[in-house]
Structures are given as structure tokens and as C-alpha cells.
Amino acid sequence: MIRVVLPFHLRTLAGIAGEVTLEVAGPVTLKAVLDALEARHPVLRGTIRDHDTLKRRSLVRFFACQEDWSNQPLDVPLPEAVQRGAEPLLIVGAMAGG
Amino acid sequence: MSKIRLLVGTKKGAFVLTSDGARKDWQVTGPLFAGWEIYHLKGSPADPDRIYASQSSGWFGQIIQRSDDGGKTWSTPGTSEAGKEPEGMPVSESNRFAYVGEVGTHKWYDGTQHPWEFKRVWHLEPSLTDPEVAYAGVEDAAIFKTADGGKTWTELPGLRQARGDLWQPGAGGMAVHTILQDPRYAARLFVAISAAGAFRTDDAGATWKPINRGLKSNFELPDPTAAVGHCVHRIALHPSRPDVLFMQKHWDVMRTDDAGEEWREVSGNLPSDFGFPIDVHAHEPETIFVVPIKSDSEHYPPEGKLRVYRSKVGGNEWEPLTNGLPQSNCFVNVLRDAMSVDSLDPCGVYFGTTGGQVYGSADGGDTWTAIVRDLPAVYSVEAQVLP
């Protein structure tokens, strides 16, 4: 079971309260988790990564185990603690910097 | 008695303001889509309870929302867990705006060519006759159409072929922000684009022609009378006389009597001919409204006095409308989509400000009251008359 924490705006858009828990078959990579998340909540398609290129939107960040995974390859397995559900994958809106 | 519904888009959500036909007492509902930027909401003329909304965020992109019950409930029409795309992913088409064919390029700030990149929907224009049909004006400038109630959107790419390689974004971006429909011919549309100009199609969007003859941009363009590149802020028409269009340009208020073939200036005695919105009285095609703004670098009313100016003769001769509007220390702006009229008699006129006020007049502009004072910055106002 993979735990995903979404930012406020995406929780309200998708009607989600609290964390999302997902079952991911095969290697637990960023791509696999995002695929599973969008399959569960199709309205999130295009909000985290581009519809067609699947590139991360520039002001979205991925944090896991206090590390920034935003620029990691999508097919690299996430940390073991995320894979077993001890730690969540955080999907975060980047700081506005105001 | 008829009811009035105002659809208000703001920097941090949407609000719905309702009143009876007297337009004195208003109820405020919202924020809807709290925290998201709502550039525009507009109801279908053919079914006023069908409302389209553009919800967007610099972080999370573009969402199209639709209500079929006058704004009580909303959904993203193209989202379906049942439908699957060929690769097995669920369908979520309503927030997908893909340019057709070769993406192409437009002029960039440094003079080089730059690929078109979709950023957001600025304006939604539902069809006059079919609630399933609507147009979307987007940044980077293009027009899209839906024929299935917002589930899917398809570009009308001919617009970008109207010298799109010469369009260059201004500081506010490069967007199709105004879409007008000719009630006589469904195939005729007008659009306006910041820093590109006005354009017309007579074949339902297959081909477009720039309609900027007569515009002069002395300080914005090296060739002040260029075919494209003019910073048109908004255009408006009266449905009874759709060959007459009025334009608020970056500077200058303009008018055409032949569907854009030739424009002439009608700024007349305005204290400033810079501004953003322009609108036409619902029952008097020669009565028009603008809100003068001091200058392109000082986006607030001259002398700190918020004044709507009205011409009852189609321009050139303008009178200030001040009764009920702040006449000192007012330094708000009124954005291009933030003015609207209703079709009651007398005609109602409404506008919103970047300071969060929405003002209304139930007597064609003679007197004004603040319907609400402390919303987020207002991006758009649309008035609907309900039975």
C-alpha cells in the first residue's frame, strides 16, 4: 500500500479527504504511483504532469523521506519506506516565493 | 418577476450574486473553487442554467468546470472513470487543450520565433443557440471549440495562420480574450487578442482575417498601422446591429460600422482613452460604456475618481457617471472581462474591480451601488436574466 499526500487544491478538486492509499503492481516508481493515482482520480490528469508529454508541471514538487524527488527519473524505485507505506509520497505545490 | 444572476470570476474563486428584478438586495454565494483563479464563467444563452467555468492555477494548470443547475453543483465534464484511452488510462479530456497539427511558432520577446505553449483559458463563450457548443479563448492565443458540452475541446487552427508568426506577447501575455458571435450568421465570429489585434472568420473558424485597418499604435509598434500586432483590450457589439463593433484598445476607443473592415477613433472627450472593458447598452445600440484608466503604466482611474463614461451617440461625446462611485482615493483597475449588462428595462450595468468591489446600476448607469465590496480581485463579471 502506497500513501500519497496531495496539496489542498488537488484534494478539493478530486474530492479527497486526507491521504490517498494506492495499490501499485510491480516496481514502485514515481511513474507507477502517478499512473495509479490518476487512474483512481482521473480529474487529476494534467494537473501534476502534462497530459501528453507526462512531464512534471514546473511548479509541482515530489518529496519522499525528506528528499526532493522532483528531478529524479520517473522509472527509479521510490525509497523503501515509501514502498512499504511507512512514509508517504508528498506531492507539493512549489513555494510561491512571495 | 425576473431574477438576475451575476457570475463573478476572481483571483481566488468564483462568486454568484443573485437578486430579483429590482436589483436592490443581493445574495452572495461563494467562493466556489476556493483558492483557484477563475478567469471567466459564462452561462449558455440557450440554457441559462448551463454554465461553463475556467478554473486554473499557476501550479496545477487548467480545469474546465460545468454546471447544469445554475451553479449549485459542478463537474468536470470530460472526466470519466469508465472511459479508457487506448493506453488504458482513464479519460480526462475537458482540461486538455492541444494545438492542432504542427504547433508552430510566434514572435518571442527577443524577436526570435517561439513555440506556442498552452497556458490557460481566459474566456468562455457559449453558443447563442446550442448549450453543448462553446468556444474557449486561450493563452497562448488560440480559439478552441467544444460540441459536446465541454468534454472535449478542438482547436480552430486557422486563427493562428492569420499572421500568427508575427504575434508577440505583451507584458500581460498573449491570449484570445474576447469572442463575439454574429447572431445573423453562426459562421461569423470575431475575436480579439492582446498584442495581436482583432480577427474575423466568416466560415465558422476555418479561415480568419485580421481586421485592424484604422488602428494606430504609435508608441507600441514600429509601424503604427501594421496589419497585426495592435493591443486590443476588448471589443463589443449589440446583437441587433452586429456589423457595428466598439473597441477599447490599449490606447484609443474605436468603432467600426462594417464588421471591422475600417475602424475610426471615437475617444472624443474622455479624460483618458486607455482602459480595458467596453460594453453596449442592452436596448440602445448607440449607448456604450467604458472605464477610463490613467495610463498603461498607471492602471487606476484618473485623479483617483472611479468614473464610468457613457456615450449615447456611439462615441466621441462622453459623460461621466459618478453617482455612487468613489470620487476620491480610488486606485483600482477594472479588467477587460469585468463589465456586463443585463437585458431588463431599465438596463442593468455591472462591473468588478481589482479591489474586490462589484458595482451595479439598475438604471443604465445613472446611479451605482456596491453590491459587494471585499472580494478577491475581480477578473470577470457576467450578468444573466432568469425567468
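User: Which residues do ring pairs link into a cluster?
Analyst: Rings of Phe, Tyr and Trp (its six-membered ring) pair if their centres lie within 6.5 Å; planes under 30 degrees apart are stacked, over 60 edge-to-face, and the rest tilted. Pairs of this kind join five rings, those of Phe97(B), Tyr99(B), Phe118(B), Phe144(B) and Trp153(B).

User: What kind of model is this, and at which pLDDT do side-chain atom pairs count?
Analyst: Residues are numbered from 1 along each chain as its sequence is written, chains are lettered from A and ligands numbered from 1 in the order in which they are written, and side-chain values use heavy atoms, leaving out hydrogens and water. The model is predicted: totals for chains, interfaces and linings use all residues, local features need pLDDT of at least 70, and side-chain atom pairs count only at pLDDT 80 or more.

User: Are Trp26(B), Tyr350(B), Phe274(B) and Phe276(B) buried or exposed?
Analyst: Buried means under 20% relative accessible area, exposed over 50%, and partly exposed in between (1.4 Å probe, protein chains only). Phe274(B) and Phe276(B) form an edge-to-face pair, 5.5 Å centre to centre with 90° between the planes. Phe274(B) has a relative accessible area of 1% and Phe276(B) has 7%, so both count as buried. Trp26(B) and Tyr350(B) are likewise buried.

User: Which ring does the charged end of Arg160(B) sit over?
Analyst: A charge sits over a ring if NZ of Lys or CZ of Arg is within 6 Å of the ring centre and within 35 degrees of the ring normal. The charged end of Arg160(B) is 4.9 Å from the centre of the ring in question, that of Trp116(B).

User: How many disulfides are there over all chains?
Analyst: A disulfide is a pair of cysteine sulfur atoms within 2.5 Å. Cys65(A) is partly exposed at 29% relative accessibility, whereas Cys330(B) is buried at 7%. Over all chains the number of disulfides is 0.

User: In which order do the elements of chain A run?
Analyst: Helices (H or I, at least four residues) and strands (E, at least two) are DSSP runs, numbered from the N terminus. Chain A has 3 helices and 5 strands. From the N terminus their order is β-α-β-α-β-β-α-β.

User: What is the radius of gyration of chain A?
Analyst: The radius of gyration is taken over C-alpha atoms, and the globule rule is 2.2 Å times the number of residues to the power 0.38. For 98 residues that rule gives 13 Å; chain A is close to this, so it is as compact as a globular protein of that length, with a radius of gyration of 12 Å.

User: Which residue of chain A does Gly61(B) touch?
Analyst: Gly61(B) lies in strand β6 (residues 61–67) of chain B and is buried at 1% relative accessible area. Contact means heavy atoms within 4.5 Å. Not counting residues up to four places away in sequence, Gly61(B) touches Trp36(B), Gln55(B), Ser56(B) and, from chain A, Arg57(A).
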